[in-house]
Amino acid sequence: MPLIVCLHKCANYIPVHSFTGALNDVWEFTESYLLTVWQNRVYVYTTAAVLIAVCFTVNMLFKKKKMVDAVSPLLDKSVKNQKHSPEAEKVIHVSGVKVFYGSQTGTGKGFAKELAGDVIAQGIQCEVMDMKEYDPEDRLAEECTSKMICVFLVATYTDGQPTESAEWFCKWLEEASTDFRYGKTYLKGMRYAVFGLGNSVYVGHYNTVSKNIDKWLWMLSAARIMTRGEGDCNVVKSRHGSVQADFQAWKTKFLNRLQALAKGEKKACSGKCKKGSCKNKKKHKEEAEDSHSLAEKNNSEEELMESSSDAESSAEEEKSHGSVIDMEDLGNVMNRMKKAKVKTKPCSSTVLTYSLWYKLIGSHSGVKLCRWTKSMLRGRGGCYKHTFYGIESHRCMETTPSLACANKCVFCWRHHTNPVGTEWSWKMDPAEKIIQEAVENHKNMIRQFRGVPGVRPERFEEGLTVKHCALSLVGEPIMYPEINSFLRLLHQQNISSFLVTNAQFPEEIRSLVPVTQLYVSVDASTKDSLKKIDRPLFKDFWQRFLDSLRALGEKQQRTVYRLTLVKAWNVDELKAYADLIALGQPDFIEVKGVTYCGESSASSLTMANVPWHEEVIYFVQQLANLLPDYEIACEHEHSNCLLLAHHKFKVDGEWWTWIDYERFQELIQEYEESGGTKIFSAMDYMAKTPIWAIFGARERGFDPSDTRFQRKNKTKDISGC
């Protein structure tokens with residue numbers, strides 16, 4: 001019932017004065033109650049605060065109990081695991097030992113097994129490895145982080161050479177120690193010890209192999225854990241009476257050192273060191289320097305030769321401890337000869353070896369085993385010329401009949417240690433002799449790959465027959481007065497010719513007989529930039545440069561411009577490059593990022609000057625937009641290189657940049673037999689380019705029949721070609 005109606009009815013039955021009195025009583029009571037609460041409000045507030053605090057405390061206690069109950073099982077489990085986990089109790093300083101042996105008679109192998117048994121007896125894992133079955137290129141870098149100790153037990157064989165089983169390991173290690181692509185810190189973190197087996201009767205070769213391995217490992221920043229040991233089979237001079245006793249004495253020291261390393265101990269200090277100077281550290285450094293000095297002394301014994309040039313009067317020594325004399329370093333050699341006033345006989349019949357991979361021929365020529373030759377022997381891909389032109393890299397000989405050059409390019413991979421000059425002033429060797437020794441030395445270097453892990457047998461056999469010759473090793477091949485005779489001899493042996501010139505000898509280019517492919521290096525597009533980059537010796541270098549390009553344009557056979565991009569030096573001259581291309585009208589234009597060849601006092605280039613592959617692609621695309629007769633045809637990502645080809649090599653929408661080498665040999669033979677009257681052109685011996693070599697292909701220029709090898713511990717790829 002509505003409240004108003006109800007009140008109205010009640011009002012009819014209750015007297016007004018009674019209703020009013022009741023309301024007054026309620027109000028008086030309420031007023032009295034509220035007044036009492038107000039007067040005692042402090043107690044009310046205090047009681048409320050206490051109640052709130054109690055509630056909050058009780059609530060927090062319940063939550064904490066739940067959290068403890070939930071975590072307790074996990075804590076109990078973790079504590080139990082820690083009690084039973086060896087890793088929780090100690091840090092592993094030595095994960096194991098790898099014993100590598102290179103043995104001829106079995107003595108080294110026996111020592112390796114004996115050492116392994118003693119190491120295992122100490123509770124340390126040990127593995128014995130025959131060096132012949134171990135590929136250092138694939139696996140040695142792993143030892144930098146494995147916490148393993150590597151032990152090398154190696155014998156020195158005939159004439160100071162490694163045994164057959166250790167031959168590849170030593171060859172690779174020597175090359176890596178002087179190869180800028182690996183770097184000075186390639187094996188940093190690796191720990192090793194070396195024991196050599198030799199005979200002091202052979203004074204000049206006593207324990208040569210163990211000394212070299214020790215030196216090369218140190219040059220790559222590996223750390224020796226103890227002094228190298230030497231076992232002497234000559235009982236008269238053996239320190240302990242026999243090679244076995246020498247090994248036992250060294251083994252005892254090694255096992256003691258291994259125990260200390262396993263406990264995390266450092267080499268004990270005598271306590272007599274002066275403040276801030278540790279004798280042990282000094283001794284370690286002196287041992288390393290002594291080893292390196294010994295190597296340089298051995299190299300210096302082979303540095304005597306006769307030559308002459310307009311070489312610079314001084315060449316600063318490399319600052320790094322990894323610098324060693326290389327075979328083309330004629331400049332330094334000649335300077336040392338002058339200082340020592342050494343007189344020697346002409347070395348026209350002598351091949352001097354300064355490195356396992358580089359050989360001098362006579363007094364002015366050289367031959368080298370290209371890294372791509374080795375790569376293709378092992379099925380790891382060919383060079384950019386394999387991708388662009390179809391050469392078989394494992395059958396290519398890299399050589400030069402003239403180590404001298406008329407330029408001192410800032411990106412020279414020889415760091416300007418070869419002679420320089422503007423005219424021929426050497427005792428000239430005959431072309432027949434140069435080719436004969438070049439081919440023989442090349443074959444000998446190929447033979448050294450017999451049995452190397454990964455080498456394909458069929459390619460090894462093919463590699464013994466030279467099919468291509470890259471006249472681009474170093475220097476200026478066209479300076480050699482008998483260059484035409486040299487080229488004819490190559491063609492007579494069915495060897496194709498790839499000749500590179502630095503565009504400073506235009507008349508020699510004009511008088512050149514046909515070659516399979518003729519290159520001109522176009523390192524800059526303006527006079528100022530060319531002077532800055534190539535640093536030519538000729539005063540009229542720019543006129544010679546332009547005239548050389550015109551001479552190239554007169555050739556009927558395949559011609560190539562070779563552009564080397566140096567970031568911040570020559571990548572902003574597109575229009576000028578286009579003008580130079582119009583001048584010589586080459587068949588092909590190779591554009592390649594500069595290869596950083598390591599730090600050198602002779603050059604200011606750094607890694608910052610090396611363009612990334614995508615930057616090279618962008619440059620080539622911009623250049624192609626200015627060249628209506630050219631188009632990007634091929635790419636070799638690994639060499640940071642692209643190929644622009646003239647449209648005449650694009651037949652029915654397909655590229656024909658490869659070379660028909662058999663057809664070329666037929667054409668050059670007909671040319672020679674006709675006395676030079678039967679001319680042929682580049683179009684007469686072209687071949688179809690495979691799909692994988694075309695720009696834009698998924699393979700990016702890598703032959704799918706091979707397997708690409710990615711080196712460990714490597715960042716930006718600066719390998720070049």
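In helix 16, the buried residues are I483, N484, F486, L487, L489, L490 and H491. Helix 16 spans residues 483-492 and is mostly covered, with seven of its ten residues buried. The model described here is predicted.

- Just after helix 16, N494 adopts a positive phi of about 60°.

**The chain as a whole**
- The chain contains 22 helices and 20 strands.
- Of its 721 residues, 51% count as buried.
- Among contacts with a separation of 6 or more, 77% are made by residues 24 or more positions apart.

**Nonpolar cores**
- The largest nonpolar core comprises 100 residues, and F152, M190 and I213 have the most contacts inside it.
- Leaving aside residues up to four places away in sequence, I213 touches M131, F152, V154, C170, L173 and V194.
- Apart from this core lies another, of 32 residues, which includes W372, Y519, V560 and F588.

**Salt bridges**
- The structure holds 37 salt bridges.
- Side chains of opposite charge can pair when their charged atoms come close.
- E507 forms a salt bridge with R510, and the closest N and O atoms are 3.2 Å apart.
- Because E507 and R510 are three residues apart in helix 17 (residues 506-510), about one helical turn separates them.
- R510 is partly exposed, at a relative accessible area of 30%.
- D540 and R544 meet through their side chains in a salt bridge with an N to O distance of 3.2 Å.
- Both partners are partly exposed, D540 at 34% relative accessibility and R544 at 23%.
- R562 and E590 are joined by a side-chain salt bridge at 3.9 Å, N to O.
- This pair links distant parts of the chain, since R562 lies in strand 13 (residues 558-565) and E590 in strand 14 (residues 588-593), 28 residues apart.
- R562 counts as buried at 18% relative accessibility, and E590 counts as buried at 1%.
- A network of salt bridges links D135, E137, D138, R378 and R380.

Definitions and conventions: Residues are numbered from 1 along each chain as its sequence is written. This is a predicted model: local features need pLDDT of at least 70, side-chain atom pairs count only at pLDDT 80 or more; totals for chains, interfaces and linings use all residues. Side-chain values use heavy atoms; hydrogens and water are left out. Buried means under 20% relative accessible area, exposed over 50%, partly exposed in between (1.4 Å probe, protein chains only). Helices (H or I, at least four residues) and strands (E, at least two) are DSSP runs, numbered from the N terminus. Contact means heavy atoms within 4.5 Å. A nonpolar core is a set of buried Ala, Val, Leu, Ile, Met, Phe, Trp, Tyr and Cys residues joined through side-chain atoms within 4.5 Å. A salt bridge is a side-chain nitrogen of Lys or Arg within 4 Å of a carboxyl oxygen of Asp or Glu.
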